[in-house]
Amino acid sequence: MYGIKAIVGKELRRVFKDKKMVMSLFVLPVLMVVGIFALMSVLIKGRTDDIEAHEPVVYIANAPTSFESFASAAGLTGYIEPALESGDWLDNAKAGLLDATVDLIVCFPDNFESAVMTGADELASVTIPQIEVYYNPSEDYSSQARSVYQTYFEMYKQGLLANRFGDYSAVMMFDVTDNQIQDEDKAAGKMLGMMLPYFITMLIFAGAMGLGVDMIAGEKERGTLATMLLSPVNRQQIVLGKVFSLSILAVMSAAVYVVSMVAAVPALMKSVGGEDALSGLSINFTGVQIVQIVVLMIGVVLLYVSIICMVAVFAKNVKEASSYITPVYLVVIVVGMFTMYSSAEGVMYKYLIPVYGSSMAFKDILTREITMPNFLAAAISTYVVAALLVLVMTKAFNSEKVMFNA
Amino acid sequence: MIEINNLTKIYKLSSNQMKKLKTKNSTKVAVDKVSFSAEAGEILGLLGPNGAGKTTTLRCIATLLKPTEGSITVQGHDTVSEPEAVRSSIGFLTNEIKLDPQFSAKYLFHFFGRLHKVPEDVLEERRKELFTYFGIDGFEDKKIEELSTGMKQKAAIAVSLVHDPDIVIFDEPTSGLDIITARSVTDYLLELKKKGKLVIISTHIMSEAEKLCDRLVVIIDGKKTAEGTLENIYEATGTNNLEDAFFELYKENHKEER
């Protein structure tokens, strides 16, 4: 134990005594998260404000009298009625849609007024007139103008229907009201369960990768690991010292990310009026859930850190370790992504698969669908695999081939 | 004491290494059936040209490498079956084994002291003694990377002696050091001998070997070619200085590979 304690102390000191390390592990991530979200919210807000403030250029051809009177009653102004005599006005306007000088073109047919004014007693002779609308979906201003005018057309239609039948509710027939009945915690858990395993993987790996490579492959390259190998301390203590200190640092850096995200994102979302998107994210945990999450989380951190250390142990130098670790990272990320859209469906052996099983278990804990045997399967397999990796590393630390390229 | 019996170390070469060495053999015999022993209170010198197998022999004694054949015991402990006991009793220093550049000499001294289970009060005392002797006490809080080459080497020596080992093994202890620093190192080795420690050094500097060593083991191409006191070796080779003696031995024993 004395060896583990001394090594953990040294590794933590290495990071915390180094201002650059502290910056890159704990300060920059916070600045990055807050900065990116702040920038995004400013940009998004600027864009939406701009679109809303934009005065759309709308051509309405052949507007019937009833529409004009509706428009003036509804306060719809600013559209242009083109001179129909010049035959190529439509082509010019369409070209305007393409180069974004025109946002919307509306063409009423000639018989529109007479068709919509047909009374309720002459329904047999009713024809349905077509209003042609031209817009450009790849232009924000144009899309916005179209959706605004769609709303006006709906209001206009309701007015005409009321005119034909005396009362709009006579033709509305029915209305639909949606009522959501769901377990809020389960719904939030489902959403979190989709993202959490993936995030944990990313954050733990991102925090531990560079550090782990330096801690083992770097020390090997610098010849400082050999100094430690000359001390009477057991190799397993050296391995565990490295794994534990890296785990502590990885958890701390992940925690810094999560805390800054939780603190910054809601405030920034609110500033762009997107707080609805977050309303589904409040969740209450039960005591059992918390214990299960903590137990599994520690196992997963130890497993991921062991994977990273393992790669670093077998690499000859930092360069080799960095190039080996990227594909490993990708594999773990892909497995994490699998779990986003699939489910272990309570089949026990699936929970025994390393990385995949623990991700599945996280998901099920959050949706409260986990059974105790499945949880134990996932937890035990995670710890066992981490322990096996530690044993393999201890063997590697005793191997002159791995340690001294001899 | 150290006893080496028929030590043989054979490296397996990777195809890359084979290309580099321009050889078709997939193995390289670094040390070939070497036997010798060393007692407390003497300085034993391993003398040989570069690549003769000196460092490999020392690394085998320090348990960093395992003998392919033969055995080594240090203070009665076998290096393969009881490596931890062996490591407790030796202080080992070589050029390729370095101190962490980000830490201060003081911190590393205490760190390795803890790994060697040296009690804190003893540790403090030893640090004062060693740091004062090597003149590091003024720089003990500086990071290793900020120290000069000589100061780094002296710090490494101090750290390797943290547990007051009975056996001190230094691989080319003065290489890269200026004459003054080198002198303080060799003086300290003599002092260790006076205290009854067993000191083994490897060197290819003849004058150093002449001045320091009570006995010499000459290794050429992995084989022991001579062993004994300076006088023994002069006598055997019919010379009166170590450099000539060494050339005689080299001519006799080194076969050019064709």
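## Burial and basis of the model

A residue counts as buried under 20% relative accessible area, as exposed over 50%, and as partly exposed in between (1.4 Å probe, protein chains only). Both F103(B) and Y107(B) are buried.

The model is predicted: local features need pLDDT of at least 70, side-chain atom pairs count only at pLDDT 80 or more, and totals for chains, interfaces and linings use all residues. Residues are numbered from 1 along each chain as its sequence is written, chains are lettered from A and ligands numbered from 1 in the order in which they are written, and side-chain values use heavy atoms, leaving out hydrogens and water.

## Chain B overall

Chain B has ten helices and ten strands. These are DSSP runs numbered from the N terminus: helices are H or I with at least four residues, strands are E with at least two. The radius of gyration of chain B is 19 Å, close to the 18 Å from the globule rule for 258 residues, so chain B is as compact as a globular protein of that length. That radius is taken over C-alpha atoms, and the rule is 2.2 Å times the number of residues to the power 0.38.

Along the principal axes, the C-alpha atoms of chain B fill a box of roughly 55 × 45 × 35 Å. Of its 258 residues, 51% count as buried. Chain B exposes about 12100 Å², with carbon and sulfur atoms supplying 48% of it. Accessible areas come from the Shrake-Rupley method with a 1.4 Å probe; for residues, only the protein chains shown count as cover. Among contacts (heavy atoms within 4.5 Å) in chain B between residues at least 6 apart in sequence, 68% join residues at least 24 apart.

## Sheet in chain B

Four strands form an open sheet in the order β2-β1-β4-β5 (chain B), with antiparallel pairing. Two strands pair if DSSP finds at least two bridges between them. The edge strands are β2 (27-38) and β5 (77-78) of chain B, and each pairs on one side only. β1 (residues 2-12) and β4 (residues 69-74) of chain B are antiparallel and share five bridges. There, T8(B) has E69(B) in β4(B) as its bridge partner.

Helix α2 (residues 54-61) of chain B packs on this sheet and touches β1, β2 and β4 of chain B. Its direction makes about 115° with that of β1(B). Axes are lines fitted to C-alpha atoms, for helices over the stretch in contact; angles run from 0 to 180 degrees between N-to-C directions.

## Sheet in chain A

In chain A, an open sheet of three strands runs β1-β2-β3 with mixed pairing. β1 (58-61) and β3 (132-135) of chain A stand at the edges with a single partner strand each, so one side of each is left without a neighbour in the sheet. The twist averages 10° from one strand to the next.

β1(A) runs parallel to β2 (residues 104-107) of chain A, joined by four bridges. V58(A) stands opposite L104(A) in β2(A). Helix α4 (residues 89-98) of chain A lies across β1, β2 and β3 of chain A, at about 150° to β2(A).

## Aromatic pairs

Over all chains, the structure holds 24 aromatic pairs. Rings of Phe, Tyr and Trp (its six-membered ring) pair if their centres lie within 6.5 Å; planes under 30 degrees apart count as stacked, over 60 as edge-to-face and the rest as tilted. F67(A) and Y79(A) have ring centres 6.1 Å apart and planes at 50°, so the pair is tilted. F67(A) lies in helix α3 (residues 65-74) of chain A, and Y79(A) in the loop between α3 and α4 of chain A. Both F67(A) and Y79(A) are buried. F103(B) and Y107(B) are stacked, at 5.2 Å centre to centre and 20° between the planes.

## A buried arginine

R126(B) sits in helix α5 (residues 120-134) of chain B. R126(B) is buried, with a relative accessible area of 10%. Not counting residues up to four places away in sequence, R126(B) touches F109(B), L161(B), V162(B), H163(B) and D164(B).
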